[in-house]
Amino acid sequence: MAHTIAQIAEALGAKAFGALDLVVNGAAEPAAAGRDDLALAMTPAYGALLVKGRARAAVVWPDADWKTLGLEAAIIAPRARLAMARLTQMLDQPLDAAGISPHAVVHPSATIGADVSIGHFSVIGAGTVIGRGVLIADHVSISSGVTVGENCKIHAGVRVQRHVKIGDRVILQPGVVIGGDGFSFVTATPSNVELARDTLGNVPLTPPDDPVWHRIHSLGGVEIGDDVEIGANSTVDAGTIRATRIGRGTKIDNLVQVGHNVVVGEDCLLCAQAGVAGSTFIGDRVVIGGKAGVADNLTVGDDVVLGGGTVVLSNVPHGRVMMGYPATRMQTHLDSYKALRRLPRLLRGLSKA
Amino acid sequence: MAHTIAQIAEALGAKAFGALDLVVNGAAEPAAAGRDDLALAMTPAYGALLVKGRARAAVVWPDADWKTLGLEAAIIAPRARLAMARLTQMLDQPLDAAGISPHAVVHPSATIGADVSIGHFSVIGAGTVIGRGVLIADHVSISSGVTVGENCKIHAGVRVQRHVKIGDRVILQPGVVIGGDGFSFVTATPSNVELARDTLGNVPLTPPDDPVWHRIHSLGGVEIGDDVEIGANSTVDAGTIRATRIGRGTKIDNLVQVGHNVVVGEDCLLCAQAGVAGSTFIGDRVVIGGKAGVADNLTVGDDVVLGGGTVVLSNVPHGRVMMGYPATRMQTHLDSYKALRRLPRLLRGLSKA
Amino acid sequence: MAHTIAQIAEALGAKAFGALDLVVNGAAEPAAAGRDDLALAMTPAYGALLVKGRARAAVVWPDADWKTLGLEAAIIAPRARLAMARLTQMLDQPLDAAGISPHAVVHPSATIGADVSIGHFSVIGAGTVIGRGVLIADHVSISSGVTVGENCKIHAGVRVQRHVKIGDRVILQPGVVIGGDGFSFVTATPSNVELARDTLGNVPLTPPDDPVWHRIHSLGGVEIGDDVEIGANSTVDAGTIRATRIGRGTKIDNLVQVGHNVVVGEDCLLCAQAGVAGSTFIGDRVVIGGKAGVADNLTVGDDVVLGGGTVVLSNVPHGRVMMGYPATRMQTHLDSYKALRRLPRLLRGLSKA
């Protein structure tokens, strides 16, 4: 994908200096860059590495002295990662769009839009509607009665179960499961979970009269908004009598669990291995750090940030930054943590006194 | 799936009032219910929402004044979630049972029971036995020598490796992996893990003489009891020289890890992203909360409840409710936590004194 | 797989006693062993169980009185688990190597080495190179332009995306995803994450001007070293402009997440449900316990051990043993924890005084 420095700068909305017609074929880290690469050196820390590499052109930090760094051309990007987004979008090779494989099984009652690709051994169920421009890779299972919007990318081995509606421009990474049955069971008499909650754990639990778990079926499916992306092997369960919902523009990382009946708002980030338990409501623009979890039947407000590893056990108001297990405001958590670190010495002092 | 109010009440073992022959086609939340839906309003909080929706019939809480709520018929369910279980079972559409796909590969030496469905591109290995009434979806891999009991549901993309026995009425959600090799490795000389344990971390670790990990193979397979359900993308590893076992009636959520040689008892719940490390024994009726973990080679007694996010690092006696990292009795955890929250102020007081 | 005691002892580099020509067909736990099994009783705790079983031969602990235990033959192994490794390797049945399935789709431009097996419905992309002796199971997707070294085992349902290089003797358990796109997004103006970091959470977050997440594409792929093993349903994301790397000899358990741009060194262990966030560097011989996590853009030195459930939020020097959330030296963590357990009583004392 050859581009001139001028073309790249224009696409990035950035300023370019030096040999504007120099052509680059790819992007690389400064030390590893070859003569035809555009090196990405967006902070001063990369200056020394730039000299080690062979790049003639680089994206550099705002006040870099690019000539001294040995460059023939430079692009200056005020917001480095935003430039990275535009640049990597320019340089990426589009996925193969090879039409509908003769090895795919598409049910005759399915509706397939224009310019759709369906990979080898993929299965499209009865009555399913696939929008225009969708790329479906190999080994994908899309059940009957599903709706997929336009220009989605559904990678290898994705499973979409019944009662699922997917918006436009949705990206599902390999192994994603949408619409598996919710984890919803009930005993005929109070279960150990109910007893533990009622007694706050102060009474030893004994075998309940009837420990059999009865299954609550999932009839509600899942709705995925436009511009959502879901990472490899993540799972979004079907709702009970209404859909589990992922809002427009929300991005979900790998190995994330979204339980049945959950509603996740718009423009959220759910980082790797995060989990949201059943029937919890997550607001808009919420960021859930890696490995963080939110218990069931809670409400997390808009513009909340949960640090990595945080475990939320109660409702969180709008705008809060939370950390810890159980989650508290970040400052409260830091205060407790610092105090805890001082505590052993304090106790040693008290035992001497 | 049309049913009269009388039919539903009978199936639920509940009492019905009003227009018993009114017909409903589905279930819905109160505010979203249409004229032909049965609204589910099992606590008084739903009363106001019921008035907003269009439902003519609802399942309501024990002393609800259903006429004032504008209903023509009502069902009163003493244990709301149990009613939900029976109701959703009634209303669920059965999965497609389309027989054996011409695109499946079934080894000639496999034994396939009556009324079995095998989906497109599924593979059944040599000598494998599939019981009567089993539904196998698309893209399922069942290895050679496996036994699957009767009336199981095996969803898309499930992988069942060698040496696995599965009971009756087992449900495997999409992407489940049963019988992957255990994570079991050993170095020829003491490894960093052994050194850390022996020194309690008080001596800096240095490169061991021989850091190569030798692989312990998994010969023992997995046994899954009757009425077990396992959630999407969860993994149950094969045992070393005997089977890893999941007891009858146990339900496992999504993205759960069960390590090699683990024994999980009967009627347990393992919530999403929980993990049980190798060779640990879990009793009967144990509930492991979301993201909770149990370390290797431990014993957790019967009727134990582990709160969400709990990390168990030592044995747990019967009947305990545990929380925290490391896990302690719930009350001990709450006491420590409350004390920790008071500590910063205490330390400020001491530093002034 | 019948072997004499003498053959097994020789393979184990161990000493044998008694009936050296006695033949065994498999290995078993002492109590469950039949007459033709080799019982594994590597610690004195297994002595009593040995008497319960029917084994005539056993691997026993160093100073065991094997005749009194009723055995006809015994093998004494100085390092029990190492013996287990060699023994289970001997007794394991090799996987089926049935050649290339007529139901596989191998692109004409792919290069397939000698003695390669490719299972039913597997897909090999354009230009991909598969080394000699590789076993690819059913339902595997290997994208275009991938390189796979010699003698690898790629189990059912593995997904290998573009730009991936895999070394020799690599084992990928079912459902592994290599080279999914990295989770890398940026907003045009400061996001809630940036605001939370800048304000330490002391200012309530409000809706940002432009909450849209722009996608940074992943062009860098993944490189997996020789002798790496990766567990079921684990995910390793592609790097941005250079490869994410897993070093030679490193073993990764099930449901582990390795983020984009991460470098994991050689001979590491990453236990189940561990996670390493984007652009973090992990040294050689590092052990990451189950459910432990390392935040993004950090460096963890060589010979570090992270206990189960540890959450690392800052750099870790060589040789450290770490525990807790956030991770501290093991001793510091234990001191804090013990002090915390004493704290409630201390506070009760102070309130009385």
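1. A definition to start: two strands pair if DSSP finds at least two bridges between them. Strands (E, at least two residues) and helices (H or I, at least four) are DSSP runs, numbered from the N terminus. By that rule, strand S6 (residues 57-60) and strand S7 (residues 73-76) of chain B pair in the parallel sense over four bridges. Within this pair, Ala57(B) stands opposite Ala73(B) in S7(B).

2. A word on the basis of this note. This is a predicted model, where local features need pLDDT of at least 70, side-chain atom pairs count only at pLDDT 80 or more, and totals for chains, interfaces and linings use all residues. Residues are numbered from 1 along each chain as its sequence is written, chains are lettered from A and ligands numbered from 1 in the order in which they are written, and side-chain values use heavy atoms, leaving out hydrogens and water.

3. Now the sheet in chain B: five strands form an open sheet with mixed pairing, in the order S2-S7-S6-S5-S4. Strands S2 (15-18) and S4 (26-28) of chain B are at the edges with a single partner strand each, so one side of each is left without a neighbour in the sheet.

4. Helix H1 (residues 5-12) of chain B packs on this sheet, touching S2, strand S5 (37-41), S6 and S7 of chain B (contact means heavy atoms within 4.5 Å).

5. Finally, look at H5 (residues 330-352) of chain A and H5 (residues 330-352) of chain C, two helices that pack with their axes 8 Å apart (axes are lines fitted to C-alpha atoms, for helices over the stretch in contact). Among the residues of H5(A) in this contact are Leu340(A) and Pro344(A).

Notes
Axes fitted to C-alpha atoms, helices over the stretch in contact; angles between N-to-C directions.
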